[in-house]
Each structure stands twice: as structure tokens, then as C-alpha cells.
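Hi there,

Here is the structure I promised to pass on to you.

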Amino acid sequence: MEEIQATGEPTRTPAPHEPGRMPLQAKRAARAAFLGFAVDYFDIYLPVVALAPALHYFQSPSLSGTAGTTLFFLTFAVTLIGRPIGSAVFGSLSDRIGRRRSTLIAVAGFTVATFLMAALPGYADWGYGALAALMVLRLLGGVFMGGEYTSANPLALESCPTQKRGFVGALIAAAYPVGYMAISLVTLPLLQLLPAGGTGSAYVQWGWRIPFVVGGLLGVVFFWYFHRTVEESGAWTAAVQDRAAGAEDRGGVRKAPLRELFAAGNIRRLGQVFLLMSGLWFAVQSVVSPMSGLLISQLRQDPDAVTAGLLVANVALFAGYLTLGVLGQRYGRRKVLLLSGTGTATIAALTFFLAIRILDGGGNFPLAMVLYTVCLVVAVSPYGVATVYLLEAFPTHIRASGYGVAFSFSLVVPSFYSLYMLGLSAVMPYAYTPLVLIVLSGVLTVLGARLGPETKHLDLRPQPA
């Protein structure tokens, strides 16, 4: 039985007898995608967790606290800017040469960049050239990181049975809090052994480098595992063969993946998921990205307590991803995303406000972190649904390009959150400025979900003519 998916491509409704067990190749691809996303997020949040206590290593001692915090946020932002570039390049590459080869190239790239960052000198040796070198390497690392998930995630979900896709997609997305937890578990003992103090302290001089070396080693492990165990996507192989045959029938004309993505048949769907992801990225950039800097630099909280508190919050977030993934598979991705956006604009905004108010008044840190954890889970858990929802939006031959562009380019505007916060600080206290972005996140998420179709029943496998 056939139905028409939002992309205009015919697909059959899965047969009732379709086996629910994951084939071995599907399990390997899912494990690899999870590991790759975890390594990616371990690497992307290195500046937020590992470098935050040693922030002044790359900065002039004469900088004000607000200016220093803004520069720190920009260091994180350049990584996010690199990801859209990587998603466009590697998305097209993945649709052309295959998910597997594209993933291996990307992993090799960000592994080398991470090792180079671990060897950087500081402001005392290179002046602001040290910060510039860090930003350049973060940008390059971001390009390759964008390539990793743009290639590995489609491979995993194309191999997955339809009725398992919601959970598997959520599990892959849940690698984000796992990566964050891993870097926290590396950084916490270091801060205990090497307390961060002045510019001459051991952690500031060299201790922060250890998590970067660990991130590079994780990249090596992932490259080895992926190369040894994961095969190319059968769906991609079949789609390429079908497209090649079709191109021959049309006289050898075959559109480039990105060109076809922006053609009339796909551009409306791309715009819809782009709007949705813009909302979800504003959630991350208002709830996750600034929190470490706000707590340590603005609200003067103990770095060890902050690292431990954020670690516990991300344990709860992992459970939130899986829960929403299961609910999305049962009740529909669209419905869960609509409810999640509403919760972000209300519950998440309120709990964030209460957490900051408690800390701003010198109140109870554990209570504030409980409230922040509620905010984090409500606002960010929808990623457990969004990953699979994006991959279901596009046909196989442009799936990596569509997923990569929608997922990564939608973060460009939200990635400048530090500048929005700085501007908003003219009319409200700086520590409360993320509230505006949290509410905006919820509104955009609701609008994006409302404009799109339900996709949980779609079959990602290419269909015979």
C-alpha cells in the first residue's frame, strides 16, 4: 500500500508483519552514530566545560568580566558557525559518494583539529593571536563536526526498521548529554587535583589541555570502530543506482543534491523544518550554552559546584530525550513537538527565571539547579524527536543534504546568542537575558511543527518503480 510523503515521493506503509528486530548492520550503524554524536558533543563543549575555568589563559588581564564572557561565548559560537559549512559540504558529499566514506573523512578532520587545540599557547606568549588561533581551529573543527553527523546519522536511520526509528533516533540524539557528561567527568577530577586559580595555576597553564587530548583520542577510537564495523547504507546504494538509471533515461542529466534540495519540490519542506530547528537551537543557545559562563563569571558560583550541577542536569536530560523519542513514535512526532514548544515558552521560561533569581539573591544553589534541570529537560529534550523528524523529511538521494542544511544552517542566527544577550542587557539584568530567547524558542518550535506533516509511518527505504 502506498501513500505520498511530504516530499512528494511515494512510499509504502510498512507491512504489519515487518520484523521489529534490528538487523546486525542496523545495530552497528546505530551504535556508531551514537558514539560519533557523543564524540562530537564532547568536542563541541570543550570550551564551555573544560576551558571556562581557564578562560583568562587566552585573554588580556585588563578585560572586563562582561567583555571576557562575551569573547568566551564567541569562541563557542565559531564552532557552531563551522557546522553549517560542514553540513553543506559533507551533506552533498554523502549523497554523492556515500555516508560511510564521508563520515570517515569528517572524523579524521575534527580529530586533528582537536589535537592541535590542545597544543596552543596562551595570551602571555601570542597575545590575542592565541585566541585567534583557538577560534580558527574551532571553526575548522566545526566544519568537520558538521560533516560527521550529516553523514553518520542518515546511515543509521536508513538501516533501522520503521517501528524502531523513533527510539533509535532519540538514542542517537541523546548522545548530546552523554558527551556533556563525559567531558564533565573528565574535567571534575582535574579541577579537584588542579584547582583553577590565577594565570599561573596548573589547571590554567596546562590542565585544561587534558580534556582536549581525550577528545582527540575519542575521535581516533570512533574512526577505528566505524571503519571496522559499519557498512554503507543499503538505501543510499539503491537510491544512487535508481537515480543513475533515471538520469540515463533523461540523457545523462542528473541534478546536484544541493541544487535539487532547493528546487520547487523540496524548498517548502526545507523552510518548515528550518523554522522548527531555529526554535530548538534557540533553546540550546539560551539554556545550555551560556549557563556555565553565567554561573561562574556573572553569578560567582564555585566552578566545581557548577560542573557537578550541570553534570546531574544532563543525566536527567538523557532520560528526557529517550522519553520524548518513545512518545513521538507512539503519538506522532508533530504532536510531541507542538506540546514541547508550548512547554518551553511557559514551564522552561518560568523555571529558568526562578533559578537565576535564587542565585542572584545569594540563595540555595542545589534548589536553583533543580529548577534549571527542569528547564533544561523541557526545552532541550525535543531534540530526541527532531533528529528522526528531519531525516524523514527528505527523499533518500538528498536526505543527507536536507538533514545537514536544516539541522546546521538553522543554528547560525541562534549562535550569536551572546550578542543578543549583550544587547538585551541594556534593558534588563544580563543574567536574565536568556529568558527572552527561551520564549522565542518555544514560539518558533510551535510554528515550525504546526506547518509540517506527521512522518512517523514513512518508510525511509527506496521503493521500486
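Let me start inside the protein, with the lining of the largest cavity: its residues divide into 14 nonpolar, 1 polar and no charged. Please keep in mind throughout that this is a predicted model.

That cavity is lined by 15 residues, and those nearest its centre are Tyr-41, Tyr-176, Trp-281, Tyr-321 and Tyr-383. Two or more lining residues come from each of these elements: α1 (24-44), α3 (65-97), α13 (264-287) and α18. Helix α1 gives the largest share, with 3 residues. The volume of this cavity is about 100 Å³, and the model has 4 cavities of 30 Å³ or more.

Tyr-321, Leu-324 and Gly-325 belong to α15, and they meet Tyr-383, Gly-384 and Val-385 of α18. By class, the residues of this contact are 4 nonpolar, 2 polar and no charged.

How do we describe such a pair? Two packed helices are described by the angle between their axes and the distance between the axes. For α15 (residues 303-331) and α18 (residues 383-391), the angle is about 50° and the axes are 7 Å apart.

On the α15 side the contact is made by Leu-324, Leu-327, Gly-328, Gln-329 and Tyr-331, and on the α16 side by Arg-333, Lys-335, Val-336 and Ser-340. This contact has 4 nonpolar, 3 polar and 2 charged residues. Notice Leu-324, which is listed in the contact with α18 and also in the contact with α16.

Finally, a word on confidence. The protein averages a pLDDT of 85, and 89% of the residues score at least 70. Which elements have the lowest and the highest mean pLDDT? The lowest, 39, belongs to strand β1 (residues 2-4), and the highest, 96, to helix α21 (residues 434-450). Over residues 1-18 the pLDDT is below 50, and this stretch has 40 contacts in the model beyond near neighbours in sequence. Residues 248-252 also stay under 50, and for them the model has 1 contact beyond four places in sequence.

Happy exploring!

How values were computed
Residues are numbered from 1 along each chain as its sequence is written. This is a predicted model: local features need pLDDT of at least 70, side-chain atom pairs count only at pLDDT 80 or more; totals for chains, interfaces and linings use all residues. Side-chain values use heavy atoms; hydrogens and water are left out. Axes are lines fitted to C-alpha atoms, for helices over the stretch in contact, and angles run from 0 to 180 degrees between N-to-C directions. Helices (H or I, at least four residues) and strands (E, at least two) are DSSP runs, numbered from the N terminus. Contact means heavy atoms within 4.5 Å. Ala, Val, Leu, Ile, Met, Phe, Trp, Tyr, Cys and Pro count as nonpolar, Asp, Glu, Lys and Arg as charged, and the others, Gly among them, as polar. pLDDT is the predictor's confidence in each residue, from 0 to 100. On a 1 Å grid over the protein atoms alone, a cavity is a set of points where a 1.4 Å probe fits but cannot get out, and a pocket is an open set with protein on both sides within 12 Å along at least five of seven lines; lining residues have an atom within 4 Å of a point. Grid points are joined across faces, edges and corners, and a volume is the space filled by probe spheres set on the points.
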